[in-house]
Amino acid sequence: MKLTDKKLSLRVYLSLAFLLFSLLLIAVMWFFQAVLFDAVYRTIEATQVERCAASIIRNIANEDLDSIVKEIEEQNDMDISIYLVYPFRDGRILDPVYIPHDFTSSKKLTEYNSVVEYYEKAVKNGGKVVEKKESKYLNSANGPNGFHPILENDSSELLTCAQLTDTRNVHHLVVVESDIAPDASVLGTLKIQFVIITIFILLISVFIAIVTSHYVSKPIHDTTKKAKLLAQQNYDLTFSGGNYKELCELNDTLTYSAHELKKVDELRKELIANISHDLRTPLTMITGYSEVMRDIPGENSPENVQIIIDEANRLSQLVNDLLDISKLESGTVAMENKTLCLTDCIKDIFKRYNKLTEQGGYDIQFEYDSDVYIYADELRISQVLYNLINNAINYSGNDKTIIVKQTTKNNEVCVEVTDHGMGIEEDKLPYIWDRYYKVDKEHKQAVVGTGLGLSIVKNILNQYDSQYGVKSTLGQGSTFWFTMKTVEKD
Ligand code: ADP
């Protein structure tokens, strides 16, 4: 069983996440309903009761007090009573001014004794008292001043706000009462509502989970299918079909990878073809000439021996290039840096081309102002120069003029190698530094190398943090350049 078989799919994860989220949402809702709703309801009720009392006190002298009180009572489902207080009678005689209720009805009214109690508490409290207690309902009119309460058994809570208009002269006591417990029918409705909302949320979340997981996982599935094809070396693939950014990026990257893999694969095939060709040609020459020299006595001439030596050298050059590039790329080359004269280094390389200049009709020029010193590995720098000059010679065509120019500026030396040959197409320029890249795919043994030269140059110059590049115009020639930090002569 593969490890991936044990893992849950994205679809399951998403569905679980949605379900968890909905359950949390429902839990929070039920928590508010069960625990906080009562507290919030009571707080709102308490504020309401106080606001009603204040509103009546503001309107106490209003001619329409009766209708105002009635309106407030009806709007807020509260019981209001107003009493006239005579302070000279110890404040204990409270004449009901407004008791809008029919005392024989079952409507709630404050018990007379409670009113006296509220009055005293309000006086002590600076004119206002808010209190909560078990409700005691009145349903009789026979008490002092025609007001005698009879208690009813009722367990609900009653919130009362008793407020005085004044405490010195004859004044009013306003008592506003409200049943604090939420209405059973309201609670019932809310409960049904919550059950419906819960079912609704669950259904919606299941629906969204199914749709989203399909939306998210389907294109990933498609991409995985194509990636498997890519693993089977099928490089002609375009990854597409992402509905969201991350997947689009993944698809783009995979398309890019497929493209790059295809390129590498082509280069690999090309390299094998080239190397085998490059190896076979000198080997054929060596075997051929050796056999001729063995079989035909007169052919054992120094020229023929030289051909064998040259071909053997070419073979070792190819093998060396291959070794160099693999060592440079793996970073195992130890640079033997020292202060050296770059100008002398270029002059030395020029000496190697003397024969070519004499016999091949090449004109290789070196332009420089002064001797320049750099801190580098002489062998590697020679390799860079040699590869660039060699290319210039190889691709200079009929012009056969190569100019090497050395200029210095701000502790930096720039070396330019210019030829007036075939040049390079602009769209090919970025690739010529790649391993095994050849602009001319047709393998021309006579002039073209292994396709490794510039890659070796790039790798060496990167080790010295040098800048390098090429300017080229098709049909007019190319200038390859690189810079190095200059140092003082030791
Ligand atoms: P090669 O051994 O084939 O020359 P390089 O890595 O040195 O490989 O160069 C890569 C490719 O860049 C060459 O195959 C050639 O097409 C192109 N190139 C390099 N130098 C020049 C130049 N001076 N003029 C034109 N094309 C060049």
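Residues are numbered from 1 along each chain as its sequence is written. Because the model is predicted, local features need pLDDT of at least 70 and side-chain atom pairs count only at pLDDT 80 or more, while totals for chains, interfaces and linings use all residues, and side-chain values use heavy atoms, with hydrogens and water left out.

**Whole protein**

Select the protein and colour by pLDDT, the predictor's confidence in each residue, from 0 to 100. The average is 81, and 84% of the residues score at least 70. Next select residues 136–154, where the pLDDT is below 50. Beyond near neighbours in sequence, this stretch has 53 contacts in the model, a contact being heavy atoms within 4.5 Å. Residues 443–448 also have a pLDDT below 50, with 12 contacts beyond near neighbours in sequence.

Switch to a cartoon view to find 11 helices and 12 strands; these are DSSP runs numbered from the N terminus, with helices being H or I of at least four residues and strands E of at least two. Of the 490 residues, 39% count as buried, meaning under 20% relative accessible area with a 1.4 Å probe and protein chains only.

**The ligand**

Now show distances. The side chain of Asn-391 has an N or O atom 2.7 Å from a ligand oxygen. In the side chain of Asp-419, an N or O atom is 2.9 Å from a ligand nitrogen. A polar backbone atom of Gly-453 is 3.3 Å from a ligand oxygen. Taken alone the ligand exposes 530 Å², and the protein buries 97% of that (Shrake-Rupley method, 1.4 Å probe).

**Ser-382**

Finally, select helix α10, residues 378–394, and pick out Ser-382 within it. Is Ser-382 buried or exposed? Ser-382 counts as buried because its relative accessibility is 12%. A polar atom of its side chain lies 2.7 Å from the backbone oxygen of Glu-378. Leaving aside neighbours within four places in sequence, Ser-382 is in contact with Cys-345 and Ile-349.

Conventions
Polar contact = N/O pair within 3.5 Å; in protein donor to acceptor, adjacent residues only side chain to side chain. Buried < 20%, exposed > 50% of the residue type's maximum accessible area, 1.4 Å probe, protein only.
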